[in-house]
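Let us take a walk through this structure together, with the model open beside the text.

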Amino acid sequence: MFDLIVKGGTLPDGTVADIGITGDRITAIGRLDGAEAGEVIDATGDMISPPFVDPHFHLDATLSYGLPRINASGTLLEGIGLWGELKQIVTQEEMVARALAYCDWAASMGLLAIRSHVDTCDDSLKGVAAMLEVREKVKPYIDLQLVAFPQDGFYRDPTARANTLRALDMGVDVVGGIPHFERTMADGAASVRELCEIAAARGLRVDMHCDESDDPHSRHIETLAHETQRLGLQGRVAGSHLTSMHSMDNYYVSKLLPLMAEAGVAAIPNPLINIMLQGRHDTFPKRRGLTRVREMQAHGITVGWGQDCVRDPWYSLGTADMLDVAFMGLHVAQMSSPDEMRRCFDMVTYQNARILGLEDYGLHVGAIASLVVLDAGDPVEALRLRAARLAVVSRGRVIARTPRGDAVLDIPGRPGSVRRRHPAG
Ligand code: FE2
């Protein structure tokens, strides 16, 4: 007797199986003919995925688009300036309400684990208090991991260092940074060093906004990888964005990639935001600003697609859909072969789960019973359609359902509904 059986779905590797769930765990996978269950979801012909994971988000700023006004230049720096104004006037209650609204979007999209940076450059730390409150509220259905993020510069902002340490004392999970925003390259490198030391001393992970510019000479990822090795943090550190690697000299990158691989530093490009914000100082040809994803993967570096922003001072669009993120990523990185597209799906599920260090994630006996039923036959079709999340299961409970999205035609001689699904291959 199971609490829930998801019947006949196709797993990401093509296996067709029933999934039996007891309590909050997957307790059987295979043919479960005749088994009884409190509830059955018929997933015949549909794809079953583990939940989507976003390794890079800003939950304290989300759904604030247009406040206090729109980002006219479309640049990262104007976005930081706007956020600097907004965070003076926004209340803790408003941040909580917006973040919870976003988490509803995420849950409906099967996005059940999020790593969110939270700005620590505010003496009141109301954003940190707000996000800790949200982490607690969504705990039953979303894993929310918070990163202490000194948005205005760990050294550049006079109280950022003290406030970042206070945020960590309050229970923020991960150490962040923004070395390219410090006043000098030397200050940036020093910030990476000290922040990694703080993480090592506290036994925490590190995730820094790193080299988020088009500057071919930005070198903070090198320092981050070196400090990771020096402090024994291998496998616990991520560099977010790394857009400058797009513009770096190829010889230098040939040295850098093996260093990153040896250090076990993961990379988190954010394709929607990178393609929108980078290259704004270029005329033509205009750089794409996405880091070197395929080249990193060829070196064995873990790479996960992140979302970064939805409806905030940096980005006006977004729907909490990690398939949108992967879809943009595969276009900009030109990951168009069937294997590469499958890898893009893997990046927004298993690879991101690895970056967050999620335990018992996946579709196997003993895993936490969280999964998504997609209106698609396989990962490539899920990407092509940004497929509807027919059902979202979190820890054994069905928490969201979406109807199939077939359109109904009313064309003389062409009656019926339009089905966009198409055999794989
Ligand atoms: Fe970010």
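A word on the ground rules comes before the tour. This is a predicted model, in which local features need pLDDT of at least 70 and side-chain atom pairs count only at pLDDT 80 or more, while totals for chains, interfaces and linings use all residues. Residues are numbered from 1 along each chain as its sequence is written, and side-chain values use heavy atoms, with hydrogens and water left out.

Let us begin with the strands at the start of the chain. Strands (E, at least two residues) and helices (H or I, at least four) are DSSP runs, numbered from the N terminus, and two strands pair if DSSP finds at least two bridges between them. Strand S1 (residues 2–10) runs antiparallel to strand S2 (residues 16–22), joined to it by five bridges; Val 6 has Ile 19 in S2 as its bridge partner. The two form a hairpin with five residues between them, and Gly 14 in the turn has a positive phi of about 95°. S2 also pairs with strand S3 (residues 25–30), again antiparallel and over five bridges, with Thr 22 bridging to Arg 25 in S3. This second hairpin has two residues between the strands, and Gly 23 takes a positive phi near 60°. S2 is largely enclosed by the rest of the structure, because five of its seven residues are buried (under 20% relative accessible area with a 1.4 Å probe, protein chains only; exposed is over 50%, partly exposed in between).

Next comes an open sheet of seven strands. Its order is S6-S7-S8-S9-S10-S11-S12, with parallel pairing. S6 and strand S12 (265–268) are the edge strands, each pairing on one side only. S12 is joined to strand S11 (residues 237–241) by four bridges in the parallel sense, and Gly 239 finds its bridge partner in Ala 267 of S12.

Which residues hold the iron ion? Its protein donors are His 56 (NE2), His 58 (NE2), His 209 (NE2) and Asp 308 (OD), lying 2.1 to 2.4 Å from it. Donors here are N, O and S atoms within 2.8 Å of the metal (3.2 Å for Na, K and Ca), and water is not among the atoms, so sites may look incomplete. In sequence the donor residues follow the spacing H-x1-H-x150-H-x98-D. His 58 lies in the loop between strand S6 (52–57) and H1, and His 209 in strand S10 (residues 205–210), so the pair ties together parts that are 151 residues apart in sequence. Both His 58 and His 209 are buried. The four donor atoms subtend angles of 86 to 179° around the iron ion, which makes the arrangement irregular. Four donors count as tetrahedral if all angles lie between 85 and 135 degrees; four count as square planar and six as octahedral if opposite donors are over 155 degrees apart and all others between 65 and 115; anything else is irregular.

On a 1 Å grid over the protein atoms alone, a cavity is a set of points where a 1.4 Å probe fits but cannot get out, whereas a pocket is an open set with protein on both sides within 12 Å along at least five of seven lines; lining residues have an atom within 4 Å of a point. Grid points are joined across faces, edges and corners, and a volume is the space filled by probe spheres set on the points.

The structure holds two cavities of 30 Å³ or more. The largest has a volume of about 80 Å³, and of its 13 lining residues the closest to the centre are His 58, Leu 76, His 209, Asp 308 and Trp 314. The second largest cavity has a volume of about 50 Å³, and H1 and helix H3 (126–138) each supply at least two residues of its lining.
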